[in-house]
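Please examine the sequence and the three-dimensional structure shown below. The paragraphs that follow lead from the contact between the chains to the sheet and then to the nonpolar core.

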Amino acid sequence: MSDETKSTETVDLWIAGTEESQFAPTDEGAQEISAEESESRLDAQFGRVVEDDYLFDEVVDDGERMIVNMGPQHPSTHGVLRLQLELEGEIIRRSKPIIGYLHTGMEKTAEGLTFSQGTTNVTRMDYLAPLHGELAYCLAVEELMGVEVPPRADAIRILMTELNRVSSHLVALATNGMDIGAVSMMIYGFRERELILDFLEKTTGLRMNHNYIRPGGVAADLHPGWKDDIAVILEEMPIRFAQYDDLLRNNPIWLSRTKGVGVITPEEAIGYAITGPALRATGVDWDLRKAFPYSGIENYEFDVPLGSKGDVYDRYRVRVDEMHESLKIVEQVMDAMPKGDYRVDDRKVTPPPRARIDESMEALIHHFKLFTEGFKVPEGETYVAVESPRGELGCYLVSDGGAMPYRMHTRAPSFANLQALPITMADSLMADTVATIASMDPVMGDVDR
Amino acid sequence: MSWPEFWIVVLRVILTFGLLLVVTILNVWAERKILAKMQSRIGPSRAGPYGILQTLADGMKLFFKESITPRKVELGMYVLAPFLAVIPAFLIFMMVPWGRPFMIGDHEVTLQGADLNVGLLFILAMSSMAVYAVILAGWSSGSTYPLIGGVRATAQAISYEAAMGLAMVAVVMFSATQGDGGTLSLAEIVERQSGTWGDLSPALQPVLQFVPRWNVFPQIVAFVIFFIAIVAETNRAPFDLVEAEQEIVGGFHTEYSGIRFAMFFLAEYINIFSMSAIAATLFLGGWNGPTFDGVLPGFVSAVLPTIYFLAKTYFLVFLFFWLRATLPRLRYDQLMQLGWKRLIPGALGWLIVSTLVISFRQFGPPWS
C-alpha cells in the first residue's frame, strides 16, 4: 500500500524554476544497483559467487562511496552499454553492466522473415562480424533442410569469415588502444581494416551488413582479380602488425596498463560461459573451428593461440596472434580454391541465374515462388555455432514446416562475455575499467539484438 | 617613471600578450595538423589556407554558444574557475624574455612582459595557482566525473610541482656559477647562456667552440626531469588523467560549455607554449644564437633572436604533440609512482651531484 502511494508521488516532473525537484530519475527496474541491497545480491555483484583469489583486500572504508553511471552515453562504453559503478575514491567496489539500450527485437523480427530474407536480419546483429552471423544462420537452415553446399561455396565462406575475423580484431585492437589512451592506434586499426572492407565490398557490394552468405551457398562469386587483392592483404598486414607491436607490445606504458589487469581465471571463464579470445587468453584450449569444425575449416592448417594469465594483455596478444592465423587460413584457401558453382544447384533453394529467367518459364516460376513465399523448411529444430571473433556465435532455429522460422535465437558471445564484467572489475581502478571493457570487445548490437 | 618609459612598458606588455595569443591559436591548429599527419589523416583543411583559421572559427563558435549552467553547481566558484585558469597562464609567459633587447632612442626595450628579480619563483607560484582552477572547477560542478578529475588534478599537481621545482633549483645553482652571483631573473639566466663552451678546456677547444653555452649540456638530467614534469603539469598525454576522455568523459570541464569551456581550452594551450618557452629559456639558451651583427641588416639581426626563441620553443611543443600521438595514458597509481619514486628522488640525487661538482670546481676537492 505504502509502495503504491510512493510511486504515484514521484511521477510529477521537475518544473524549471521551482525550488525542490520532484523529479525521480527513470530506473531500469531490476537492473539498477543501489546502495542498499540484500546479502545474496551483493555477493553476486561483488563476484563472490565464483571463487576468485586475486582480489586485493585493501580496505579504505571511510564511508565515502559514490555510485557513478558510466554510459549509455560515454566515450568508451562501445556503444550504448551502461555501467553502474560503486566507487570508493578511484577504486571500483561494485559494478554492473546494464543493457537493453540497443534492443530492437531482431530475434522476433526473424519470425516474420522468410528463411531467405533472414540473412539480412542476422547480419545486423554483430555488425563488426556480420559474415559470421550469416554463416551461423545459413548453416542452421541448411542443416534443417539437409542441403549440401558445393565445395567452392564452403571455401568462399571460410575465406570471407576469416577475413572478417581480421577486420573485427583490428577494430578491437583499435578501440583497445584508444581506451588506454594510444589515440594513434585507433586510426591505424581502422586504416588497415579498410583494406579488408574494400575487399569485402568488391565481392559483396557492401562494407557491412553484407547479406552475402545465403542458405545454399553465397550470393555471388568472388570478384574478378580477387587473388591479387588477397595477395596485397597478405603482404601488407604482417608489416602493419609489426608496426603495432612497435607501438604497443614494446611500450612499457602499454605493458603496465595491460599486464595483470582485468584478470579472469579459467574457472570463472567457464563458469560464466565466456568464449572466444577472452576464454583462450585464460589458457583454455577451446576453439569451435577445432572442436566442431564447420564449412570444411578442418581441411586447413592453423594453430589456436592461447594465453596463460587471462589478463588484458593476454587477450590483446591472443587477438593479434589470431589475426596471423586467420591470414594463414586465407592464404591456404586462396591456393586451394576449388572450381565449380558458388551455390547449390537446387532451384527450390537458390534462385535461377538471371539469364535463365528470360528463357525458361520454369525458371521464372521458381524465381517468383522463391521471392514471394520463400522456400519451406522441414519441421525440426537445430543449433549450429561458429567461432565468431568474439566467441561462440550460435543460431538456434526451430521450424514448423513453413517458410519462416517458428523461433530464432542467437547465442551471442558478447552477451555472455559481458556477464563477467562485475567480477573482472571488482576492486580495480577506474582506469582499468575501460581497458577491461575494451579487451572483452563487446558489440552492443550483438548483446541486445 | 617618465612617460616614454611608461609607454615602453605598455608596448612590451601588449607585444607579449599579442605574441602569446597568436602563437596559441597557431598551436591549436599545429597540433591538429601534426597529429593528423602522424595518424594518416588530413586534419583541418576548410577554414583558410591549410585550415589555419580553424581555431578562430572554433573560438567564434564557442563564444556565441550558450554557456549552460547546470542546476547543481556552486555558482560562484563555477564561474570563477575558468578565469583562474586563464589569468595565471598569461602571467607565466610575462616572465619569459622572447627577444634581444633593443634601443628606441636612448630607452632600452626588453622583449619581455616584466623582468622580475624573482621570476622563477613567480612562475612556480603561478603554475600552482592554475591548479586551483582545475580543482575548483571539478568540485563546483556538482557532478561525479568532474569531481574525480579535480581530485586527480590535486594529486598530480602536488607530485609533479616538486620535481619541477627541484629541477629548476639545479639550473639556478649552475647558472650562479656562470656569472656574478645567483639569480632568479629569466633575462639574466638567458644572458649567462650566451657564447659557447670554447673556454671550458683548451684541449677540446676546436670542438667546444661550436657548442653553444646552454644549460642543457651540463644539466641534461635536470632538463629531462623538467620536461617530464611540465608535461604532467600541463595535463598532457601521457599524463592527461585529469581530463582522460575515455575514463571520466571530460574530467574537470565536463560540465562546462561555451566560452567558459573555451577559456579552459585556451589556458591549456597557453600553458603548453609558456612551459615550453620556460624550458627553452632555462636550458636551451632562450633567444641566444648567432645574429651576425654587422653582416646582416640591423633589422634582421634584431629579429633573429626572436626566431631562435620560437624555434627552440616549437621544438619542445612538437615533443608535446609527438608524445600525445605515441604514448598510452598512465594509470593514476602509476603516475604517482613515477612522480614520487622516480622523478623526485632522481631530481634530488641530481641536485646533490651537481652541487658537489660545482663546489669541487669552485673550491677544489676537500682533501686538497
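Two residues are in contact if their C-beta atoms, placed from the backbone, lie within 7 Å. The model is a predicted one, in which local features need pLDDT of at least 70 and side-chain atom pairs count only at pLDDT 80 or more, whereas totals for chains, interfaces and linings use all residues. Residues are numbered from 1 along each chain as its sequence is written, and chains are lettered from A and ligands numbered from 1 in the order in which they are written.

The contact takes 24 residues from chain A and 21 residues from chain B. On the side of chain B that touches chain A, helix H9 (245-248), helix H11 (298-326) and helix H12 (332-363) of chain B each supply at least two residues. Helices (H or I, at least four residues) and strands (E, at least two) are DSSP runs, numbered from the N terminus.

Chain A contains an open sheet of three strands in the order S1-S2-S3, with antiparallel pairing; two strands pair if DSSP finds at least two bridges between them. Strand S1 (65-70) and strand S3 (91-98) of chain A are the edge strands, each pairing on one side only. Seven bridges join strand S2 (residues 82-88) of chain A to S3(A), and Leu87(A) has Ile92(A) in S3(A) as its bridge partner.

The largest nonpolar core has 204 residues. Such a core is a set of buried Ala, Val, Leu, Ile, Met, Phe, Trp, Tyr and Cys residues joined through C-beta atoms within 7 Å, where buried means that 20 or more other C-beta atoms lie within 10 Å of a residue's own, the C-beta atoms being placed from the backbone. Helix H10 (residues 258-283) of chain B contributes the largest share of this core, 17 residues. Among the residues with the most contacts inside the core is Phe226(B). Leaving aside its neighbours within four places in sequence, Phe226(B) is in contact with Met164(B), Ala167(B) and Ala279(B).

Terms used:
Buried ≥ 20, exposed ≤ 12 C-beta atoms within 10 Å, placed from the backbone.
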